[in-house]
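Please read the points in order.

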Amino acid sequence: MKTTRLIFLMVLALSIFACASDSEDDFVDTGNDIENPDDTDDTDDTDDDTDDDAEPLVNYVDDIEPIMSAACVSCHGAPPTNGAPFALVNFTQVSQRANGIFNRMNLSNGAPGAMPPSGRLPQSTIDLIQQWIDDGKPEN
Ligand code: HEC
């Protein structure tokens with residue numbers, strides 16, 4: 001009799017602890033299974049392919065600096081000579097004056113103020129200046 005009551009009490013105690021434990025777990029677990037929708041990058045694959053094939057941007061170091069060195073710095077050097085008003089020997093100087101540089105280079109051959117004064121450079125060279133401006137004037 002005594003043993004039966006003891007076992008009954010133990011089972012009762014265990015089931016109370018088990019229930020308490022279960023209800024705590026249930027409470028903690030609620031809402032944990034919500035998953036965010038997958039962020040798939042697959043849709044960008046076609047764009048990546050076209051980017052790989054895109055032409056590199058016109059940049060100062062590779063494209064513009066050589067033009068300035070060949071045609072402009074004989075007067076627009078540091079310091080400027082032959083009455084040239086400023087130097088065009090680094091990225092900051094050239095990028096700040098890019099529009100003026102293009103406008104002077106794009107004047108008709110022999111027009112007053114045309115640069116360089118010795119004669120208009122090839123159209124492909126002037127187009128490179130325009131493309132550099134359109135590309136956002138990257139340094140390299
Ligand atoms: C033979 C010397 C000489 C060369 C070479 C030369 N320039 Fe000039 N440049 C001058 C002189 C002098 C002036 C000032 C008179 C004037 O504005 O036309 C000037 C003015 C300029 C101006 C306008 C300045 C202002 O006040 O806004 C720009 C822009 C310019 N040059 C760009 C260039 C570029 C770009 C090249 C090369 C493609 C070049 N120059 C080559 C002598 C030269």
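1. **Basis.** This is a predicted model: local features need pLDDT of at least 70, side-chain atom pairs count only at pLDDT 80 or more, and totals for chains, interfaces and linings use all residues. Residues are numbered from 1 along each chain as its sequence is written.

2. **Overall make-up.** The protein chain has 6 helices and 0 strands. Helices (H or I, at least four residues) and strands (E, at least two) are DSSP runs, numbered from the N terminus. Of the 140 residues in the protein chain, 10% count as buried. Buried means 20 or more other C-beta atoms within 10 Å of a residue's own, exposed means 12 or fewer, and partly exposed lies in between; C-beta atoms are placed from the backbone.

3. **Contacts along the chain.** Take contacts in the protein chain between residues at least 6 apart in sequence: 52% join residues at least 24 apart. Two residues are in contact if their C-beta atoms, placed from the backbone, lie within 7 Å.

4. **Phenylalanine 102.** This residue sits in helix 5 (residues 98–105). Phenylalanine 102 counts as partly exposed because it has 17 C-beta neighbours inside 10 Å. Neighbours within four places in sequence aside, phenylalanine 102 is in contact with Ile129, Gln130 and Ile133. Its C-alpha atom is 6.9 Å from that of isoleucine 126, 24 residues apart along the chain.

5. **Helix 3 and helix 6.** The axes of helix 3 (residues 60–71) and helix 6 (residues 123–134) come within 10 Å and cross at roughly 130 degrees. Axes are lines fitted to C-alpha atoms, for helices over the stretch in contact, and angles run from 0 to 180 degrees between N-to-C directions. The two helices are therefore oblique to each other. Angles under 35 degrees count as roughly parallel, over 145 as roughly antiparallel, 65 to 115 as roughly perpendicular and the rest as oblique.
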